[in-house]
Amino acid sequence: MRHHMYYAMHGLIERRLAWLRHRHIDGEELPVNIVSWNVNGIRALLQRNHLAPLVATSGADVLCLQETKAQPEQVRLDLPSHPYHYWNGATRKGYAGTAVLSKTAPLSVRQNIGVTCHDGE
């Protein structure tokens, strides 16, 4: 646990994992900053213009959003700093859903966990 630092602010949880590294352009290894946030509806968040300032100030390399409550085609994200977007919308529209926004392309993406009763959530 000593490698983990947790911060909570207005429903935002930031987890910095010192052991998880990525390469910087000049070859220097830097920690990857992962921010996880239960947005309770991404469309309302975007209407209030809360996402872009968070992304700009958080220093997040990867932004994990829960409870997006939207399908990917219902949302237009303009985040040039995080061009890689991966969505898993719930089968029932307006319910649950997650999104991962990243500065760099992942090595692989898996949409489901292989448990039928949870894969549609």
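Is A70 buried or exposed? A70 is buried, at a relative accessible area of 3%. Buried means under 20% relative accessible area, exposed means over 50%, and partly exposed lies in between (1.4 Å probe, protein chains only).

## Model and overall build

This is a predicted model, in which local features need pLDDT of at least 70, side-chain atom pairs count only at pLDDT 80 or more, and totals for chains, interfaces and linings use all residues. Residues are numbered from 1 along each chain as its sequence is written, and side-chain values use heavy atoms, with hydrogens and water left out.

The protein has three helices and six strands. Their order from the N terminus is β-β-β-α-α-β-β-β-α. Helices (H or I, at least four residues) and strands (E, at least two) are DSSP runs, numbered from the N terminus. Of the 121 residues, 31% count as buried. The accessible surface comes to about 8200 Å². Carbon and sulfur atoms account for 54% of that surface. These areas come from the Shrake-Rupley method with a 1.4 Å probe; for residues, only the protein chains shown count as cover.

Contact means heavy atoms within 4.5 Å. Among contacts between residues at least 6 apart in sequence, 49% join residues at least 24 apart.

## The nonpolar core

In soluble globular proteins, nonpolar side chains tend to be buried together. A nonpolar core here is a set of buried Ala, Val, Leu, Ile, Met, Phe, Trp, Tyr and Cys residues joined through side-chain atoms within 4.5 Å. The largest such core holds 18 residues. Within this core, W37, I42, L51, L63, L65, L77 and L101 touch the most other members. At least two core residues come from each of β3 (29–38), α1 (42–47), α2 (51–58), β4 (62–66) and β6 (98–102). Helix α2 gives the most, with three residues.

Take L51, in helix α2. L51 is buried, at 1% relative accessibility. Beyond its neighbours within four places in sequence, L51 contacts W37, I42, L45, L46, L63, L77, L79 and L101.

Which residues of α2 are buried? They are L51, L54, V55 and S58. These residues span an arc of only 95 degrees around the axis, so they sit on the same side of α2. The arc is that of the directions from the helix axis to the C-beta atoms. The face turned away from the buried side carries the exposed residues A56 and T57. Just after the helix, G59 takes a positive phi of about 75 degrees.

## The loop between β4 and β5

A70 sits in the loop between β4 and β5 (84–88). Setting aside neighbours within four places in sequence, A70 contacts I42, R43, V75, W87, G89 and A96. A70 and G94 are 24 residues apart in sequence, yet 5.4 Å apart in space, C-alpha to C-alpha.

Q71 is in this loop as well, between β4 and β5. Q71 counts as buried at 13% relative accessibility. With neighbours within four places left aside, Q71 contacts G89, A90 and K93. K69 also lies between β4 and β5. K69 is partly exposed, at 27% relative accessibility.

Most residues other than glycine have a negative phi, and most peptide bonds are trans. K69 has a positive phi of about 55 degrees although it is not a glycine. N49 is another non-glycine with a positive phi of about 55 degrees. N49 lies in the loop between α1 and α2. N49 is exposed, with a relative accessible area of 51%.

## One salt bridge

How many salt bridges does the structure hold? It holds one. A salt bridge is a side-chain nitrogen of Lys or Arg within 4 Å of a carboxyl oxygen of Asp or Glu. The partners are K103 and D61, at 3.8 Å, N to O. K103 lies in the loop between β6 and α3 (116–119) and D61 in the loop between α2 and β4, so the pair ties together parts 42 residues apart in sequence. K103 is partly exposed, at 36% relative accessibility. D61 is buried, with a relative accessible area of 14%.
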